[in-house]
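Hello,

Have a look at it first, then read on.

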Amino acid sequence: MQNILLLGAGRGGTAILRLLNNLGNFSFTAVIDENPLAPAMAVAKELGIPTDTHWETYISPDLDIIIDATGDSNLFTRLLEKRDRSTVVIPGEIASILVQLIEEKNRSFQLMDAQRQIQRIIFDSMDEGIISVDQDGKITFFNERAAKLTNVKKEKVLGKPIHEVIPHSRLLQVIETGRSESNQQLTLESGTKIVTSRFPLTTGDGQRIGAFAVFKDISEIQQMAEDLTNLREIQMMLEAIIQSSDDAISVVDENGVGLLINPAYTRITGLEEKDIIGKPAEADIMNGESIHRQVLETRKPVRGKQLQVGKDRKEVIVNVAPVIVNNRLKGSVGVIHDVTEMRTMMKELDRARLLIRSLESNLSFEDIIGQSDKIQFAKDQAKLAAGVPVTILLRGETGVGKDLFAHAIHRKSERKHNKFIRVNCSSQEATDQLFDGSKQEPFISQASGGTLFLDEIGELSIEHQRKLLKELSNDKFRLIASTSDQLEKSMRDGHFLEELYFQVNKMPIYIPPLRERIEDISLILDHALVRLNKEFGKQVDGFSSRALKALESYDWPGNVRELENVISRTLIFMNANDRLVEERHLPLTTIRKSKPELPDGSLSDLVEEYERKLIQDTLASFKGNKTEAAKKLNISLRTLYYKIEKLGVEE
């Protein structure tokens, strides 16, 4: 180790001191400067190096180098006179050059650090994950996006083998082959689906020193594709609904030019597409003004407007509403009702109401489909309750068939020859008529001698609850109530009278949701199919095993009512010659929400088990020849040995 005496503790002396001290091959005898407060003097003290304002006493044969960083040209001559012959004196000019070189080097390092920082910021700001490995497959770079997609911290993976972080990265194969791989799909252990491209890293002379991968999350893209598919399906469904609607529909754009009419529109007005499409909104008006034009000007809907339309001056009632998308007026849509048809329909409706009342009274327990233990228990309880003059509370989710149970209980009771009056307590109009006879006889009077069914009794106002309590004491009718809510909570919250709760809850019957009696679905489907075939003019024989499995795997939050609605929609859109409901016929939402049967074990365990069996079978087919097996599996021999050891493959 060489001994150095440093003269001059200014900026240059400080740079020399720090440089030579960091090299570790030099020992400083002292740092000298006339100014004891010079910068290098403080640095020397921190490093434990002696400092002084005079240099003469430090001249000795043990001194190897004297560096003059004072800038004093006369000092160099004096140093040559005083130094030992074996001591080398470096003049101030050379020291100055050395200082410049040091500063230039520091600036270069700072510039490189700044460039690295910029590169790091750029790579960490990218939406793509980037990973690089060296020739041994150890991770050398891992940006923030890669860490997020793989769900690991990048500080913990640097220097680790790539297969421990991403088992199927194929970067080792890219290093071996030297070939790039573009746009390959891969599912990470986190479950994220990515598309990745891999490239070898080579030097100028063609030596492969590693590889890197760039990858992007495609889960959102796939979701967008699914949403787009759903959107197209919804669009097709809407078009089918519009075209099959019995209501006449016309649509104009923001300028009042006709865009669309449906067959019902032609039937009512006598006007065809050539008379309306591309023509002004007034084209169909024979008496009155265009409601489309009025709506476009005001951006407000108009309802119940009477007009005469078409060549025959057909009297119609028109409802028109603006179509506004993102606060921009895009047009308007009108629905036309034939007044003559409406009058006929009102008469038919009155007749239908009478028919429904007579049919409802014929509903029995045989109409409650199902053989599961839970539905049988509910039916047994209901049959027992039918023979006892007690208030009944039917409890269960929406769509489980509480109204069907109520009808069946009424028919089996002693009051079956009298009226069954159903009141929807969620309807303000219905509850107002429960006790008030301003429009017609109050429901509570109509139920005298028969059964009063209060559907969703928890929706009754406190005032109506008090009135009902008074009526229950006279025993003029039998009360059956239903609820899909927790009446106990409503009672605690002050929304349901405690006395009324104990009156209606004397005989509670729980009706199970469809998801708790999946075994009944096939029976319900067979029963519904007979009715729906007649209703829609279809000849569907049944359901395929895959379709039935999909239906049985769905949760059915809307219960039996939702199941029947799904089957109705399915049959509507099936072709006339279809005889079997296939999985493809079912609404996508039902299939997508179905619960798939999953094998036991984690994803990594299942993948490893598959790899183990595949490698073992391949080795067996080549009688243990690993070279041929590796070729067949399209992996390197080194990778095959690694997987045999890692997966415990029996050779």
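Helices (H or I, at least four residues) and strands (E, at least two) are taken here as DSSP runs and numbered from the N terminus. This is a predicted model, in which local features need pLDDT of at least 70 and side-chain atom pairs count only at pLDDT 80 or more, while totals for chains, interfaces and linings use all residues. Residues are numbered from 1 along each chain as its sequence is written, and side-chain values use heavy atoms, leaving out hydrogens and water.

A cavity is a set of points on a 1 Å grid over the protein atoms alone where a 1.4 Å probe fits but cannot get out, and its lining residues have an atom within 4 Å of a point. Of its 14 lining residues, Asp 284, Ile 285, His 292, Val 318 and Ile 336 are the closest to the centre. Two or more residues each come from α12 (291-298), β14 (302-309), β15 (314-325) and β16 (328-338), with β16 giving the largest share, three residues.

Now to a residue elsewhere. Asn 262 sits in the loop between β12 (258-261) and α10 (263-269). Its relative accessibility is 1%, so Asn 262 counts as buried (under 20% relative accessible area, 1.4 Å probe, protein chains only).

Enjoy exploring!

Key:
On a 1 Å grid over the protein atoms alone, a cavity is a set of points where a 1.4 Å probe fits but cannot get out, and a pocket is an open set with protein on both sides within 12 Å along at least five of seven lines; lining residues have an atom within 4 Å of a point. Buried means under 20% relative accessible area, exposed over 50%, partly exposed in between (1.4 Å probe, protein chains only).
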